[in-house]
Each structure stands twice: as C-alpha cells, then as structure tokens.
Amino acid sequence: MRVAVIGAGAVGASAAYYLSRAKDVELTVFDEGLGQATKAAAGIISPWFSKRRNKAWYRLARLGADFYPQLLSDLEEDGISSNFYQRTGVFVLKKDEEKLEELYQLALTRRKESPLIGELVILGAKEAKVRFPDLEGFSKLLYATGGARVDGQMLTETLLKAAGAQVVAKKVTLTPVDDGYLVDGQHFDKVILATGAWLAECLEPLGYTVDIRPQKGQLRDYYFEDRDTQDCPVVMPEGEIDIIPFDKHRLTLGASHENDKGFDISFDRAVLDDMESKAQPYFSKWKQAKETRERVGIRAYTSDFSPFFGEVPHLAHVYAASGLGSTGLTIGPLLGQQLAQLVLGEPLLLEKRDYPIEKYIRLQDEG
C-alpha cells in the first residue's frame, strides 16, 4: 500500500511514524517547510486547567497529554531515544489568587482520570522561587508536577527519523485518478492531509469549502549564559503569555495570537516586544539574555474552535485533521496516530462523531 503524508508537523510526523511501524506500507512524506505551527509552538502540555465547556475538546486534549508516555515507549521499543518531552511541572498563576483553590479542586477531580497531572500543591512565593529563581508578580500559585514541555522541532525531527520515510521538501497538489491519487506525479493508494491552516488550499481546487482560518503565532527564545533553565517548571500566567524553560539556558516567551494577518510569516518586533513587556511583571531579567531568536508559525482554527479528523467526504482513502489551534502539540501526535489507524483500518481510541470532519469540509454545491 503506497501512502502519501502531506505535511510534516506534529500530526503528519506522528502519522508517518505509526504508518512506518506497519507491514507492507510504502510511505512518502511531503512538506513545503514554510510557516509550520509545530516548529514555532510554545510547547506546553498541561490541558487539565482549562475551563472550556466543550467536553469533546477536553477529552481530546486530556488523551493527547496522556498519549506522550505511550509515544516515548513506542520510540524506545524501536531503539529511538530523545528528550523532546520533559515533565518539569507547571506553575499556574491567577490575578485573583483566591481562585487558585477553585482551580486546585478542579484539577483534583480531573486527576482521577488523568493521573499524569501528578502532585498538586499551592505554593507560596518563597517555595516557588526555589524551583524557578527570580519569578515575580505573585504571592502564591498552583503547582502540578505532571505538566510538561515539548520541543516541537525536535519532536518532528525524531518522528521522521524513526519513520525512515522519504521526505520531499516541496509544495504539492492532490489529484484524484481512477485507482487512487497523484501527488507530485507519483501514484498513491491513500493520502493523509496534515497541512494545518493550508488545508483549504489543498481541497478548494477539488470543489470543497473548508472551515479553517489561519492565526499567526510569534514567540521569542531568550538564551542566558549562567541561568540553569533545564529543570524549571513552565509558567502559565493569566492571558496569552507563557514562559517555557528549555535546556541550553533557554527561556521561551509566547506565543502571540494574531487573527488578522492571514499567512504572513514575517516577524513583527512590536508584537514580540509587547509580549516581553507583558511578561515583565513575572520575570524582569529578559534584558540579561546574551542572545534572542524569533520564531513564527501559522495555527489552524475552525469557526467554533473545535478540531476535527477523519476521511474527507466524497474522497475515499483521503484522510485529514485540522483545527488544532494553540493545542497543536498537545493533541497533534495522538491525532496523527489516529489517522494512521484509519489508513490501516485499525480500531480508534477517539470517537469520530465527536470530531466530525463533514461539519468543516463540504463540497461547494452542498452549501
């Protein structure tokens, strides 16, 4: 069975890896390499504190977080080791600190079905600064030991290496033929579309309307000479700004949520500087960084902010997932694995009816 995976972000790379573990699959991955959200994602795996009322979304986010240990176990079984995923814990801050107790009780309830949350405790400033020196702007916070961070670029590179698949770095189109599909002039039996915000561009030439809008996200990496950041928890203040510590003396700040920029992947220093200004009350040492680097990517959102996956209506053996938004690194690997299961005709963990692709992808004459 010849399978093409178009898009090599968290979804596509995961799908490629799990397809590569099956017998009798010949796999090719296509990726243009521009604007990918995964490589510019902040990388926080901590969905348990969300108060979104969408139960299907929360279940997907919870299962996506829970899936990481399985992914690491599968890679280890295949002789692949990596440190793209680290459970360093998460600090959750609230402007109204009295709400921390309410959040603590919510997390305790959710821990019953997601033990990965780990230990939960409300810490005072002195205790918190032991784990993250120079953190400011609070008198207490909620700490969950199971919160994790993911290096998106390292994740995709590891999965593609593990897959051993040919990766073609170019923009391609999908053309139906009598016995399958043509991609870059090659014939394939089945196709996975993991193109994120560019899904409409893939399907509109075939007569589809796609409910996907792009959202620009920018972040900035700060590199310090003498600050040990490897084991610091992720910091999640209220609002859009998060502080994510990585190894190699790096703190990442971001990411922006820009809804009116289309597919613009240029850097906007004013936006990045504004994020730094908003993060200043929590960490005032940004200017001490010896070096900074910027990253930018395009997220994909549906009109109701819900992700979807499944077989594209009226295109047999073409499968897609999109609409992951800012939780792409949390749910992307699981959705990629589920798409691989669909291709292989194997049972799914997720209920397709909870994430109906036909709600967001329709032929134009269907309205």
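## A cis peptide and a positive phi

Ala255 is placed in the loop between strand 18 (250-254) and helix 7 (269-279), where helices are DSSP runs of H or I with at least four residues and strands are runs of E with at least two, both numbered from the N terminus. The peptide bond that joins Gly254 and Ala255 is cis, with omega at about -5 degrees. Lys248 is found in the loop between strand 17 (242-246) and strand 18, and its phi is near 60 degrees, a positive value in a residue other than glycine.

The model is a predicted one, in which local features need pLDDT of at least 70 and side-chain atom pairs count only at pLDDT 80 or more, while totals for chains, interfaces and linings use all residues. Residues are numbered from 1 along each chain as its sequence is written, and side-chain values use heavy atoms, with hydrogens and water left out.

## The second largest pocket

The second largest pocket has a volume of about 400 Å³. A pocket here is an open set of points on a 1 Å grid over the protein atoms alone, where a 1.4 Å probe fits, with protein on both sides within 12 Å along at least five of seven lines, and lining residues have an atom within 4 Å of a point; the volume is the space filled by probe spheres set on the points, which are joined across faces, edges and corners.

The lining comprises 21 residues, of which Asp151, Met154, Tyr223, Asp247 and Arg250 lie nearest the centre of the pocket. Strand 8 (148-150), helix 5 (152-163), strand 15 (213-223) and strand 19 (291-301) each supply at least two residues, and helix 5 gives the most, with four. By class, the lining divides into six nonpolar, five polar and 10 charged residues, where Ala, Val, Leu, Ile, Met, Phe, Trp, Tyr, Cys and Pro count as nonpolar, Asp, Glu, Lys and Arg as charged, and the others, Gly among them, as polar.

## Helix 5 and its packing partners

Helix 1 (residues 10-20) packs against helix 5 at an angle of about 25 degrees, with the axes 8 Å apart; the two helices are therefore roughly parallel to each other, a term for angles under 35 degrees. The contact, meaning heavy atoms within 4.5 Å, involves residues including Ala13 and Tyr17 of helix 1 and Leu155 and Leu159 of helix 5. The residues of this contact divide into nine nonpolar, three polar and no charged.

The axes of helix 2 (residues 55-77) and helix 5 come within 11 Å and cross at roughly 40 degrees, and these helices are therefore oblique to each other. Tyr68, Leu71 and Leu75 in helix 2 meet Leu155, Thr158, Leu159 and Ala162 in helix 5, a contact of six nonpolar, one polar and no charged residues. Axes are lines fitted to C-alpha atoms over the stretch in contact, and angles run from 0 to 180 degrees between N-to-C directions; angles over 145 degrees would be roughly antiparallel, 65 to 115 roughly perpendicular, and the rest oblique.
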